[in-house]
Amino acid sequence: MLRSTLLRISENEWCNGKLPRYGVVKRAVRRFMPGETLDDALDAAERMERNGIPTLITCLGENVADEAEANAVADHYVAAAGTVAARGLDAELSVKPTHLGLDLGIAVAERTIRRVTEAAEAMGNWVWLDMEYSRYVDPTLELYRSIRADHTKFGICLQAYLYRTPADLESLIPLGPGIRLVKGAYAEPPDVAIPEKPAVDQAFFDLAVRMLADDAQQTGMRAGFATHDAALIRRIEAWALGKGLDPGAYECQMLYGIAQEEQKRLARQDKLVRVLISYGEHWFPWYVRRLAERPANLGFVLRSFLPRRPSRD
Ligand SMILES: Cc1cc2nc3c(=O)[nH]c(=O)nc-3n(C[C@H](O)[C@H](O)[C@H](O)COP(=O)(O)OP(=O)(O)OC[C@H]3O[C@@H](n4cnc5c(N)ncnc54)[C@H](O)[C@@H]3O)c2cc1C
């Protein structure tokens, strides 16, 4: 109930326009993003890398409504790819198709995303396509297939909560793709996405096992499991160990500021773990989706409305 209310707020235009202006809301988002600028994100990436954790970076924004804006977002990512390389960071790029113009047609998004993948690949870097609402899955897969034909350092996100995902995964495996598996973050109707959480967790596990099967691994695919669910990560680890898989067969991906102990545990055990750092001015819908994932996070927001206790110093 609270989750669906929050997801409705994330889509509400009035809330998107007004709420991010409040200082308390701005302060609360700091838990999940180090700052609004690329430099904020790369400074955080540098700190994470010192602790043995490479990163992904993403500039927040979605559903741009004119081509000039989509081009400006692509320009930003092209420049970001250069800055990442100049700073010698292992920070891959993660982009949202609608931020790069998918609402304006697949041709616009293909032009902008190609530009970003070309620039990143020239620097030896990867680009990942995020997956948004279910209505975007077909065009996002089409974009992926077309660009992947020319660029190998290119991955895509698949959402375990969608009934269609096992078939989408089967269709992608022969490409030797990069796949980031997630549970799924958007409000979707029950005939499109599995509504019960335990069933989504099981679907995630089954898809992970499929991604680690011999025939899938032999295609050279890169498997990323993006979850903070420690029990699920351990279940996959145990399965992979039982099968005698190399620890480098897959990597875990998590969000900045979430499950930090689990991030450190994986890094300490020399497992592959990568953390996604978000930045940018248009963080409100993304931030409310994070609250919806764990409504207990609302406590942080509500506490920040309370007056601060006087310091004892
Ligand atoms: C790197 C990365 C990329 C992603 N890309 C996409 C994408 O492109 N498309 C998409 O639909 N979704 C994406 N997601 C979001 C994903 O779909 C889930 O909504 C999100 O990861 C929460 O689910 P979970 O797998 O962590 O499991 P859950 O079962 O929701 O959570 C497991 C545990 O993790 C902790 N946790 C989870 N979320 C939070 C939070 N917000 N705050 C505090 N603790 C939390 C809690 O302890 C919780 O008990 C991405 C997630 C990651 C990590």
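Start by selecting residues 38–50, which form helix 4. This helix has 13 residues. From its first C-alpha to its last it reaches 18 Å, close to the 18 Å expected at 1.5 Å a residue. Keep in mind that the model is predicted.

Now colour A41, L42, A44, A45 and M48, which are buried in helix 4. Where do they sit around the axis? They cover an arc of only 160 degrees, which puts them on the same side of helix 4.

Turn to the other side of helix 4. Select R47 and R50 there; both are exposed.

Go back to the buried residues of helix 4. What do they pack against? Show strand 1 (55–59) and helix 5 (67–86), then strand 2 (91–95) and strand 8 (273–279): these are the packing partners.

Next, step past the end of helix 4 to G52. Its phi is positive, near 80 degrees.

Two more stops concern phi. Most residues other than glycine have a negative phi.

Select A259, in the loop between strand 7 (250–255) and helix 12 (260–268). A259 is not a glycine, yet its phi is positive, about 50 degrees. Is A259 buried, exposed or partly exposed? It has 18 other C-beta atoms within 10 Å, so it is partly exposed.

Last, select D270, in the loop between helix 12 and strand 8. D270 is also a residue other than glycine with a positive phi, here near 60 degrees. Is D270 buried or exposed? D270 counts as exposed because it has 10 C-beta neighbours inside 10 Å, and the cut-off for exposed is 12 or fewer.

How values were computed
Residues are numbered from 1 along each chain as its sequence is written. This is a predicted model: local features need pLDDT of at least 70, side-chain atom pairs count only at pLDDT 80 or more; totals for chains, interfaces and linings use all residues. Helices (H or I, at least four residues) and strands (E, at least two) are DSSP runs, numbered from the N terminus. The expected span of a helix is 1.5 Å times one less than its number of residues. A residue is buried if 20 or more other C-beta atoms lie within 10 Å of its own, exposed if 12 or fewer, and partly exposed in between; C-beta atoms are placed from the backbone. The arc is that of the directions from the helix axis to the C-beta atoms. Two residues are in contact if their C-beta atoms, placed from the backbone, lie within 7 Å.
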